[in-house]
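Opening the notebook on this one. I'll jot down what I looked up, entry by entry.

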Amino acid sequence: MPSQDNSKTITATANVRSGRPPDRENDDRYDPQRVEEKWFQRWQQNASLYAAEPDSTKKKYYVAEMLPYPSGALHMGHVRNYAIGDALARYMWMNGYNVLHPMGWDSFGLPAENAAIQNNMPPRQWTLGNIANMKAQMKRLGFAYDWSREVTTCFPEYYRWNQWFFLKFHEMGLAYRKKSKVNWCPKCCTVLANEQVVNGRCWRHEDTLVEQRELEQWFLRITKYTDELLRDLDKLGGWPEKVRTMQRNWIGRSEGTLVDFTLSDSGPAGAVGSTISVFTTRMDTIYGATSVQLAPQHPLIADLAAANADLRAKVDQLIAEQRKAREVGDIGEIEKHGVFTGRYAINPFNGEKVPIWVANYILMDYGTGAIMSVPAHDERDYEFAKKYNIDIRLVIVPIADDPEETVAEPPLPFTTMNGSLVNSGPFSGLACEDAIKKMSAYAEKNGFGKATVTYRLKDWGISRQRYWGTPIPMLYCEKDGIVPVPEKDLPILLPENMDSTLTGGSPLGRVPEFVNTTCPKCGGPARRETDTMDTFVDSSWYFYRYTDAHNDRAPFDREIAKYWFPIDQYIGGVEHAILHLIYSRFWTKAMRDLGLVKNDEPVARLFTQGMVTYQGAAMSKSRGNVVSPDEMVARFGADAARLYVLFAAPPDRDLDWQDSGIEGIQRFLSRVYRFVVRNKPSVETLLATSPPPSSGTPAAAASLPPQARAIQRKLHQTIKRVSDDFQGRWHFNTCVAAIMELVNVLYGAEDAIAKNSIPTPLLAEVQRDLVLLLAPFAPYLAHELWEMLGEKGSLLKAPWPKYDAALAKEEELEVPVQVNGKLRSLIVVPADSTEDFVVERALADEKIKSTIAGKQIVKKIYVPGKLLNIVVK
Ligand SMILES: [Zn+2]
Ligand SMILES: [Zn+2]
């Protein structure tokens with residue numbers, strides 16, 4: 001191997017041969033813009049570079065990042081999301097898989113429509129412009145997407161299948177129309193799903209309170225799958241536990257009993273609501289119910305307050321308080337207020353009259369909007385009863401250890417289930433669990449109650465009174481009522497070039513050519529549905545479309561989907577844990593019942609990356625703390641930006657952007673480049689080496705001089721660490737750190753390289769493997785160096801380097817340990833152990849411990865690597 005000075009000559013010679021000027025200085029400096037531009041152009045010319053292979057016999061690997069909303073520009077959170085997915089896709093290609101790595105655009109929806117209005121441009125034009133821009137950014141960042149499968153949800157080729165699904169779901173009874181109280185955002189001028197209401201406000205308008213309105217709406221019957229959605233969470237071992245918990249809570253299953261209390265006398269409007277149905281999980285406490293409490297919006301209140309202006313005013317006050325508490329965000333923390341209605345209800349178990357109250361902490365959208373209040377055995381009821389002087393009656397006492405012993409009255413409220421009933425008529429003496437069963441059965445038998453399971457999950461309201469979405473394929477005929485559009489008439493196209501201003505109901509209702517049509521049943525005039533679908537419909541199944549993106553006879557081919565599904569790895573933000581990820585699980589189950597897919601779940605493994613913040617705060621335009629990917633690419637290169645977001649924090653944690661951090665990454669990439677430029681083996685040397693160096697045929701360890709052996713060991717340790725991280729915990733930050741350590745070891749060996757004491761095959765091997773290790777993280781630089789090393793094959797599918805566990809192992813020594821000059825034990829320590837480490841190990845050795853037990857250490861004499869003598873007295 002030539003010295004550094006000689007290597008200059010060799011490089012120069014090689015350059016002369018390749019026609020480049022022998023300019024050492026220019027060769028040494030890494031210019032990411034030049035290198036990245038060169039490879040960008042080459043990659044652009046090969047449209048099928050990242051295409052999944054059709055009819056492949058290879059094992060498949062489907063990795064997808066959640067498709068973005070085409071807002072106009074990528075932000076660093078996107079870059080992080082895609083850099084993770086891209087590293088994985090490249091790693092799987094190098095491991096010989098048939099990889100599907102697609103990208104698309106969630107391009108319908110309100111923000112596009114609103115932004116288009118603000119920018120005075122049709123939503124379609126605005127959206128397509130944004131897509132073009134973001135796609136260019138993605139390409140410049142070097143993300144390896146199979147663009148031949150691009151899905152754009154606002155194109156009729158895609159949304160016609162939303163309409164097709166809607167018709168199928170309608171046939172199956174999964175899509176239905178009903179009048180209901182809906183969440184209405186006055187700013188969006190549209191209905192929101194429950195999932196889109198955050199603390200009583202619109203998810204898109206943090207400052208806007210959501211109103212309740214009564215409207216005819218289309219719903220998807222997601223509740224048909226409630227139990228399965230809940231049960232199958234147990235199958236999703238590859239999902240973060242926090243996401244499964246969020247879904248479990250959102251589904252909100254609780255077992256209990258519905259019990260009917262009857263109004264004790266008919267009031268002014270006694271015909272309406274003569275019973276009050278309450279839901280309770282503690283049927284065993286019903287003899288302790290000393291009031292019934294209603295949510296302020298309970299339908300009965302209108303009757304009770306009809307002739308009572310004072311009550312009406314007080315209830316309105318409670319509604320205002322409740323709304324205020326929702327604004328603050330925590331209804332659980334509300335200061336509890338209530339008002340007595342002056343009326344009574346009858347407890348069906350003991351015939352007792354109990355007062356009916358209205359309380360601000362009872363929610364209409366939870367359970368039945370009415371509870372029985374049992375102050376002795378519930379915290380909230382206790383607090384409320386104390387405040388308003390309502391009776392408190394003990395009906396559960398702790399179970400005594402000794403049956404003979406009389407039980408003292410427990411401190412109230414006594415809320416555990418570990419008790420038995422008192423003051424409960426024929427049920428006294430039963431244990432709580434047993435009582436719940438018997439009392440529920442009793443209520444059912446007597447027709448005033450039944451055991452039931454309630455869920456928080458409600459059917460999915462998908463009607464939106466907006467323009468920029470999928471038209472719902474339904475007609476209204478005066479004769480035939482609701483008529484589905486025949487399948488052959490799909491797609492129902494969204495009219496273009498229309499005025500989609502905000503006010504006054506559905507914009508489509510103002511387009512007569514759209515609205516007025518003919519009834520397919522009777523041939524008479526009919527009106528089209530003017531609502532469009534919630535944009536979460538689009539994202540519920542888009543990843544199936546990727547598998548067969550140009551199919552015009554079906555949403556996708558079943559056999560192709562069967563090959564690719566479930567998705568092996570899905571990556572996106574945790575904010576989608578409930579909306580998108582519950583809807584798409586529902587959609588998969590409905591498609592399975594339609595016979596389209598075999599899988600029960602769409603996603604085998606889910607990864608949720610952390611946020612990218614700046615100075616501890618989420619990046620946002622209004623805060624002015626946005627780090628622009630374009631600027632980072634222009635200053636440092638795409639590789640540096642990608643490597644930095646992977647290196648700066650474990651991918652599942654939040655990452656606080658540091659400008660100095662990306663500068664450090666840029667220096668590291670330059671170091672790698674410089675090392676390879678200076679030390680790459682000359683073509684002559686490589687040709688003279690037999691067999692040619694390649695991964696998997698490491699130079700024999702035994703024959704290597706110590707420094708060469710150290711390089712070899714570090715190389716194999718690094719390959720092991722990076723490979724293990726891809727398989728396991730995905731701490732790419734430590735992967736990158738490991739590669740940095742390897743590069744440090746190489747720089748430390750430059751003198752040895754100059755003195756020819758590192759064998760050429762090893763040097764070639766370590767440079768080649770270094771490039772392979774960098775390929776998933778910094779593809780531009782890796783491709784440049786790959787070519788520089790004389791490699792002809794594609795780096796994209798070059799085999800991932802293998803490590804040899806024996807070569808990765810630290811060398812070890814046996815050190816004899818003496819006590820007072822007499823050999824007592826042998827300990828095994830790493831070859832480069834310090835004296836302190838050897839002493840620590842010796843003192844932890846069982847034989848040495850017992851030999852020196854009770855004695856005092858006077859002196860320790862260590863002959864490095866040879867002997868440790870411990871002197872005691
Ligand atoms: Zn809104
Ligand atoms: Zn008709």
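Predicted model: local features only at pLDDT ≥ 70, side-chain atom pairs only at ≥ 80, totals over all residues.

**Salt bridges, surface side first**

At 36% relative accessibility, R213 counts as partly exposed. I looked up its partner: R213 forms a salt bridge with E211, and the closest N and O atoms are 3.8 Å apart. E211 is partly exposed too, with a relative accessible area of 34%.

**A buried pair**

Is R642 buried or exposed? Buried, with a relative accessible area of 0%. R642 forms a salt bridge with D86, closest N and O atoms 2.5 Å apart. The two are 556 residues apart, R642 in helix α19 (residues 638-647) and D86 in helix α4 (residues 76-94). D86 is buried at 0% relative accessible area.

I also checked the total: the structure holds 48 salt bridges. One network of them links E228, D232, K235, R585, K589, R592, D593, D600 and E601.

**Zinc site**

Which residues hold the zinc ion (ligand 2)? I find C477 (SG), D480 (OD), C519 (SG) and C522 (SG) as protein donors, 1.9 to 2.3 Å from the zinc ion. Their spacing along the chain reads C-x2-D-x38-C-x2-C. C477 is in strand β21 (residues 474-477) and C522 in the loop between β23 (516-518) and β24 (525-528), so this pair ties together parts 45 residues apart in sequence. For reference, the ideal angle for four tetrahedral donors is 109.5 degrees. C477 is buried at 8% relative accessible area, whereas C522 is partly exposed at 30%.

**N162**

I found N162 in helix α7 (residues 156-172), buried at 0% relative accessible area. The N162 side chain makes a polar contact of 2.8 Å with the side chain of W541. Leaving aside neighbours within four places in sequence, N162 is in contact with T470, M533, V537, D538 and W541.

**Helix α20, length check**

Helix α20 (residues 659-679) has 21 residues, so at 1.5 Å a residue it should span 30 Å; I get 31 Å between its end C-alpha atoms, which agrees. Buried residues in α20 include I662, I665, F668 and L669.

Technical notes
Residues numbered from 1 in each chain as written. Chains lettered and ligands numbered in written order. Heavy atoms only, no water. Donors = N, O, S within 2.8 Å, 3.2 Å for Na, K, Ca; no water. Helix = DSSP H or I, 4+ residues; strand = E, 2+ residues; numbered from the N terminus. Buried < 20%, exposed > 50% of the residue type's maximum accessible area, 1.4 Å probe, protein only. Polar contact = N/O pair within 3.5 Å; in protein donor to acceptor, adjacent residues only side chain to side chain. Contact = heavy atoms within 4.5 Å. Expected span 1.5 Å × (residues − 1). Salt bridge = Lys/Arg side-chain N within 4 Å of Asp/Glu carboxyl O.
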